[in-house]
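Reader: Hey, I've just opened this one and I'm new to it. Could you walk me through it?

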Amino acid sequence: GLWFDILDKNIADLYFKRGSYSEALRSLEQVRPRYREQEDHRRLALCDLERAEIYLQLNLPQEAAVLAESAKSFFLSTSSPAETAQCLTLIGIAHSKRGELVAAEETFRRAVEMFRGFGKNVEAAGVDLQLAKIQHQKEDFPAAQILASAAAAAFEAEGLAVRGAYARITL
């Protein structure tokens, strides 16, 4: 039952982290019918969130945005701010990949605000880095540098030196 579903989802996570996106999608598709049958809307939304991440990796931003919006609707209805902010981040990335810079920036700013609101500084820094990339695309280089430097400092403050270094050299 439930433990097998959780195990299947964890296997999907492993496939995703290894870059085996088709296997990850297949694993997620195997558990979705059981979640639907059990009316486990939270796990269905988490599957949609993970599928959206995979679709972004496959450069399918429209499909990713649809899934992330669906998951966001559920998480908003259940007052789940961390998951809502994750959805907003993926929606922002999808906007960015489609060249919708204004929408991406607005979405990223909402995500940063939410992450900071409950002390998720690393996640907020990751979104700040996405905002820096948007500013760079808009040729606002000073703003991009400020955001990237702030993200680097936040990563380093959390002991994530490699991510901090990446933030410093990414632009």
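This is a predicted model: local features need pLDDT of at least 70, side-chain atom pairs count only at pLDDT 80 or more; totals for chains, interfaces and linings use all residues.

Reader: Okay, helices to start with. At what angle do helix 3 and helix 4 cross?

Author: They cross at roughly 155°, and their axes come within 8 Å. Angles over 145 degrees count as roughly antiparallel, so helix 3 is roughly antiparallel to helix 4. The crossing of these two is left-handed.

Reader: Which residues meet there?

Author: On the helix 3 side, the list includes H41, R42, A45, L46, L49 and Y55. Among the residues they meet in helix 4 are P61, L67, A71, F74 and F75. By class, the residues of this contact are 13 nonpolar, two polar and four charged.

Reader: And what's in the loop between helix 3 and helix 4?

Author: N59 lies in that loop. N59 has a positive phi of about 60°, although it is not a glycine. As background, most residues other than glycine have a negative phi.

Reader: Where else does a residue other than glycine have a positive phi?

Author: E139 is one of them, with phi near 65°. You'll find E139 in the loop between helix 7 and helix 8, the latter covering 141–157.

Reader: Back to helix pairs. How far apart are the axes of helix 5 and helix 6?

Author: The axes are 8 Å apart, and the two helices pack at an angle of about 160°. Helix 5 covers residues 81–97, while helix 6 covers residues 101–117. Helix 5 and helix 6 are therefore roughly antiparallel to each other, and helix 5 passes helix 6 in a left-handed crossing.

Reader: What kinds of residues make that contact?

Author: The contact of helix 5 with helix 6 has 12 nonpolar residues, seven polar and one charged. From helix 5, the residues include P81, L88, I91 and H95. Helix 6 brings A104, F108, M114 and F115, among others.

Reader: How do helix 6 and helix 7 cross?

Author: Roughly at 160°, with axes that come within 9 Å. That makes helix 6 roughly antiparallel to helix 7, and helix 6 passes helix 7 in a left-handed crossing. Among the residues that meet are L101, E105, R109 and V112 in helix 6, and E123, V127, L131 and I134 in helix 7. This contact divides into 10 nonpolar, three polar and five charged residues.

Reader: Which one gives the most?

Author: Helix 7 does, with seven residues.

Technical notes:
Residues are numbered from 1 along each chain as its sequence is written. Side-chain values use heavy atoms; hydrogens and water are left out. Axes are lines fitted to C-alpha atoms, for helices over the stretch in contact, and angles run from 0 to 180 degrees between N-to-C directions. Helices (H or I, at least four residues) and strands (E, at least two) are DSSP runs, numbered from the N terminus. Angles under 35 degrees count as roughly parallel, over 145 as roughly antiparallel, 65 to 115 as roughly perpendicular and the rest as oblique. A crossing is left-handed if the near helix is turned anticlockwise from the far one by less than a right angle, and right-handed if clockwise. Contact means heavy atoms within 4.5 Å. Ala, Val, Leu, Ile, Met, Phe, Trp, Tyr, Cys and Pro count as nonpolar, Asp, Glu, Lys and Arg as charged, and the others, Gly among them, as polar.
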